[in-house]
Amino acid sequence: MPQQKDIVKIAIQMPGALPQLIQLDQKKPLSAVIKEVCDGWNLPGPENYALQYADGVQTYITESQTKPAGLGRSGPPRQGPGQVFCPTGGTRPGVSTAWSATSGVRGRAHVWAKATLDWSPSVVMSNAGAANRLDIKNGYILRLTKAPGRCAEDLYKGIQSSDSGVRCDSLKELASVSTDVTFAQEFISRDGHLVLVKIVEESNESNVIMTHTLTAFMELMDHGIVSWENLSSVFIKKIAGFVNAKPADASIQQVSLDILESMVLSSHGLFLQVKQEVTMERLIAHLQVTNQQIQTKAMALLMALLQTAGDSDRQEIFAFMNKKNLRQYIYKNIIHSSGSVQDEMAHYLYVLQSITLNHLEKRMMVPLDCYNQEQRDVLHVLRQLAFECESESSLSHERRRSLCAKEFKKLGFSNNSNPGQDLVRTPPGLLALDTMYYFARRYPDAYSRFVLENSSREDKHECPFARSSIQLTLILCEILRIGETPSETGSDYHPIFFNQDRLLEELFCVCIQLLNKTWKEMRATQEDFDKVMQVVREQITRTLSSKPTSLELFKNKVNTLNYSEILKLRQTERLHQEETLAPPVLELKERLKPELLELIRQQRLHRLCHGTTFRKISSRRRQDKLWYCRLSPNHKMLHYGDLEDDMDNPPIETLQEKIPVADIKGLLTGKDCPHMKDYKGKQNKEVLDLAFSITYDVEEYSLNFIAPSRTDFCLWTDGLNVLLGREMSSESMHSELEILLSMEIKLRLLDLENVPIPDSAPLVPKPPSNFNFCYDFSQTEQ
């Protein structure tokens, strides 16, 4: 009796027959399972059938295998524990692939893996079975189909048929089913791939048949069952000819580029052959077409050539690319094309960027040689460009040495007597010297301004140019990943790289001036050096993440992102991390807001009912007369009247004047108030900010107010808006609402499980007898 865990309930389909619902026993031999299925449909010859997945990728169901096996046609297949899900004569040992397609895109997989097995199909090996039987789960749908051996035999005959229509249909089907490794093993064991090679070498077929032939060949080779090593030179020349041909079928060129890429990555010998046969002019021309697939495959081949090439070959390819201005081609025809850059193309752009920038690694890892006269001369040129030097030839050796040390100190070198010691650390090594020299030569005015401006500052507030430049160069190297091997899944390229020559140096020139600007904004001292560099790193990283397409755009964006903006962004991100701005919390805020707004409305009305003392103001001078206004408890009347000197809070009965709330027509503030228009004296901003009026009755009478404070102004205008059925809009209301929301959210998010909540508030403890334990920090701050 099989255990329940070994039983899987599945459905099996077959065209023209009702599906079978079976309970698949995973311990039962596969041949027995297929025989039962065939018996259910009264099908003879169960050895001619196998099972496939009906949905998704329709691969054959296979069993586990552990042994190497020969697949040559000269002898019968070796029986063993590893076999395809088809019984008896249909068995073929599975073969593990040596390919690793980490990204799901074959082009990406080719970059990072290659087949390592011999061309002869008689030595195909298996280290671990391509078994997928145990992947079958409850509810899966399988399909009964031709066994892979039988299918391979039929297609092997079909592609050699004298009828071109049969050949075309067979090759089309072959290109489709060759994605399955089990079928590929069977077809290759019959030397079917050699038939495809022969078709390509003879080149007598139509474009459609040739496309199917090349596609099928690529799919078969993609499994890594056989090696690329023994391909004939005739075959390679034919494939290269398809790529080099100007009036050519796009489908043929696309597959041909794919095949050449795999050849290049498989061995150095094939790299040399492909490099000899494929003209770089045509390869670059493929990047200028509108067909994105052709562009992508051409970039894939170009990156394969660059990665496989030795140093001399790589330099030769780069020289040709620079001569043809390849980066501008890419910028114009790929990055700025009408369509978006796809993931695979983004990866190749990233690889090209990485390989190109890695040329700077050598300078980055070489320290300055204090005994190298050329490098010492560059240091002195930096000094001379920064300061107007009088003729040093007339100075004594000691005087000249003292002057140089003083000026190197102003330049920001830590070791002013021997500034080369500052550049011994690697990275950035000599690259820091290169960037400083480039800035001084390319932008001499900006360079002099930077140095002289900081030379005139107090020592502790001085931004050291040399020290800052060395650290900034290191930061740029880290951001641009100079010296890092390209990642197999990376796609983070910078569009600005393809539009700007000498990207590192130009970025340095912009960022060193940004650093000086940020230093001033932070009012930094020498002790704040690391903090400033952290802010500058963040400014550069955030700006580059927005993918600026030109240096000018980068410059504008990075200068807009000043220190205060960085602080705001950090605060926002901190709130996100604290979940204050998380979607569930924002939703809770929206639900709480109406209740809290009503609480504020009631508080405003209570404040109006309590009343406020106002001062009267005339057009000539400020008066000391006071008057009082308050809202009736039923919120229907607004009572007001003059206030006697000895009364602070007069009863409502003593206020003789009143206005029905129903008669109030509007609320005016600031310059719109009638008493501000009539006021002929000098109106100051303080009075305007405190003035408000209510209009009432048909004849547009008005009651004019000057609030004693901004708080009272907000309370009264909010309260009057509530009476008029309008929304409150004062800054005080917004502040109070935010405080209440914050408090309520924090209370709602408290983890109060098993915490008893008292019915009444706890008593406030008595104040201590003295406050000797309190420390006054204000004294130290002064």
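This report describes the nonpolar cores and salt bridges of a predicted model.

**Nonpolar cores**

The largest nonpolar core comprises 151 residues, and those with the most contacts inside it are Leu 196, Met 263, Met 299 and Ile 330. Helix 22 (residues 503-521) supplies the largest share of this core, eleven residues. Because domain 2 (148-337) and domain 3 (365-575) both give residues to this core, it lies between them. Leaving aside residues up to four places away in sequence, Met 299 touches Leu 287, Ile 330, Ile 334, Met 345, Tyr 348, Leu 349 and Leu 352. A second, separate core has 42 residues, including Ala 582, Leu 596, Ile 664 and Tyr 696.

**Salt bridges**

The count comes to 35 salt bridges. Three of these pairs are listed below.

| Pair | Closest N to O distance |
|---|---|
| Glu 63 and Arg 133 | 3.2 Å |
| Arg 383 and Glu 407 | 2.7 Å |

Glu 63 sits in the loop between strand 3 (49-53) and helix 2 (106-112), whereas Arg 133 is in the loop between helix 2 and strand 4 (141-146), 70 residues apart. Glu 63 is buried at 16% relative accessible area, and Arg 133 is buried at 5%.

Arg 383 belongs to helix 17 (residues 373-386) and Glu 407 to helix 18 (residues 397-410), 24 residues apart. Arg 383 is buried, with a relative accessible area of 1%; Glu 407 is also buried, at 8%.

Lys 616 lies in strand 5 (residues 612-617) and Asp 642 in strand 7 (residues 637-642), so this pair ties together parts 26 residues apart in sequence. Lys 616 is partly exposed at 30% relative accessibility, while Asp 642 is exposed at 54%.

Elsewhere, salt bridges that share partners join Glu 538, Arg 542, Arg 570 and Glu 573 into one network.

Note on methods
Residues are numbered from 1 along each chain as its sequence is written. This is a predicted model: local features need pLDDT of at least 70, side-chain atom pairs count only at pLDDT 80 or more; totals for chains, interfaces and linings use all residues. Side-chain values use heavy atoms; hydrogens and water are left out. A nonpolar core is a set of buried Ala, Val, Leu, Ile, Met, Phe, Trp, Tyr and Cys residues joined through side-chain atoms within 4.5 Å. Buried means under 20% relative accessible area, exposed over 50%, partly exposed in between (1.4 Å probe, protein chains only). Helices (H or I, at least four residues) and strands (E, at least two) are DSSP runs, numbered from the N terminus. Domain bounds come from an automatic or database domain assignment. Contact means heavy atoms within 4.5 Å. A salt bridge is a side-chain nitrogen of Lys or Arg within 4 Å of a carboxyl oxygen of Asp or Glu.
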